[in-house]
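Please open the structure in your viewer and keep the selection tool at hand.

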Amino acid sequence: MDLVQQIIERAKSNKQRIVLPEATEERTLRAADRVLADDVADLILIGNPDEIHALAAQWGLTHIDKATLIDPENNPKSEEYAALLTELRKSKGMTIEKARELVKNPLYLGCMIIKTEGADGQISGALSTTGDTLRPALQIIKCAPGISCVSGAMLMITQKPEYGENGVLVIGDVAVTPMPDASQLAQIAVCTAQTAKSVAGFADPRVAMLSFSTKGSASHEVVDKVVEATRIAKEMAPDLHIDGELQADASLVPSVGAKKAPGSEIAGRANVLVVPCLEVGNISYKLVERLGGAVALGPILQGIARPVNDLSRGCSVDDIYKMVAITACQAMDAK
């Protein structure tokens, strides 16, 4: 069974409640129908119910009745949500009038449902920007305890079983924080290891903090940042298997790791790679994908107290289906 199917089966084994706030968008509704047909998750679809049913009939989707439909313009919980949003954002000047308008926005409404424990996760982005997806999540759900920055991990499924976990590696951050400081980089490491466990199913995440230096082979302030981030990450998660700074080859190839970092429990055995900045992460995964033939799955947003994931506006039905399963796996671990 390949990794994607393992993720889907894990989601099926403990069904979570996932919100799709862009439910009248064709790819989203088609993916929802497939999720419901396969019993991957319980879905909450936000949109006008009559429109959703009409579109389902038009496109021959026969499982949408299994979902919970919530009309943002006629929601009996609107006033309750508006009052809570006003309280959550009062220090930022939120008024009840503004809150009443915001809870009609499907992206805000979905996050309010999660905040009040009516759902376990949310996915949007087929129609919305990353900023529009993240803003309500950070305002309402907020970051996980001990975390102050959001990041994005990518699952890399390669044809090289000798590397990572039978050819699978998890890389972060590839999507959100452009230039993390040492504290943020440590948080990214801890969160990426958690994603490796909850989504990729790694029993033992082994984290390499990457740099152009291995154990002092080069001296530079950006190397110092990685060393400091490694120290902080060890304090944050004492049981985490992590080492750095390590070059990419030293982290992946046992013979190179033994030569460059003798005695390291991570060198040559890493299955989680944490890059020093977003530029490196984004470039790296795309090169591995295009030149190395790896399958890139994600990005998977991490660091939010409950999972909220972002899709590309060019996403496919299959992308949305897989992200529902991924978000469900994250949600199990977040409880």
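Is Asp318 buried, partly exposed or exposed? Asp318 counts as partly exposed, at 28% relative accessibility; here buried means under 20% relative accessible area, exposed over 50%, and partly exposed in between, with a 1.4 Å probe and protein chains only. The model is predicted, so local features need pLDDT of at least 70 and side-chain atom pairs count only at pLDDT 80 or more, while totals for chains, interfaces and linings use all residues. Residues are numbered from 1 along each chain as its sequence is written, and side-chain values use heavy atoms, with hydrogens and water left out.

**Salt bridges**

Helices (H or I, at least four residues) and strands (E, at least two) are DSSP runs, numbered from the N terminus. Arg34 is partly exposed, its relative accessible area being 32%.

A salt bridge is a side-chain nitrogen of Lys or Arg within 4 Å of a carboxyl oxygen of Asp or Glu, and the structure holds 18 of them. Select Arg27 and Glu25 for another, in which the closest N and O atoms are 2.6 Å apart. Glu25 counts as buried, at 10% relative accessibility.

Next, select Arg231 and Glu228, whose side chains meet in a salt bridge of 2.6 Å from N to O. Both residues lie in helix H9 (residues 221-236), three residues apart, or about one turn of the helix. An α-helix has 3.6 residues a turn, so residues three or four places apart point the same way. Arg231 is partly exposed at 39% relative accessibility, and Glu228 is partly exposed at 32%.

**Helix H12**

Now select residues 278-292, which make up helix H12. At 1.5 Å a residue, its 15 residues should span 21 Å, and the end C-alpha atoms are 20 Å apart, which agrees; the expected span is 1.5 Å times one less than the number of residues.

Which residues of H12 are buried? They are Leu278, Gly281 and Tyr285. Seen down the axis of H12, the buried residues fall within an arc of 70°, so they line one face of the helix; the arc is that of the directions from the helix axis to the C-beta atoms. These buried residues pack against strand E5 (151-157) and strand E10 (295-302), where contact means heavy atoms within 4.5 Å. On the other side of H12, Glu279, Arg290, Leu291 and Gly292 are exposed. Just after the helix, Gly293 takes a positive phi of about 75°.

**Backbone details**

Most residues other than glycine have a negative phi, and most peptide bonds are trans. Select Gly298 and Pro299: the peptide bond between them is cis, with omega near 0°, and Pro299 has its place in strand E10. Gly244 and Glu245 are also joined by a cis peptide bond, with omega near 5°, and Glu245 is in strand E8 (residues 241-246).

Finally, select Glu117, in the loop between helix H6 (106-115) and strand E4 (121-124). Its phi is positive, near 65°, and Glu117 is exposed, with a relative accessible area of 63%.
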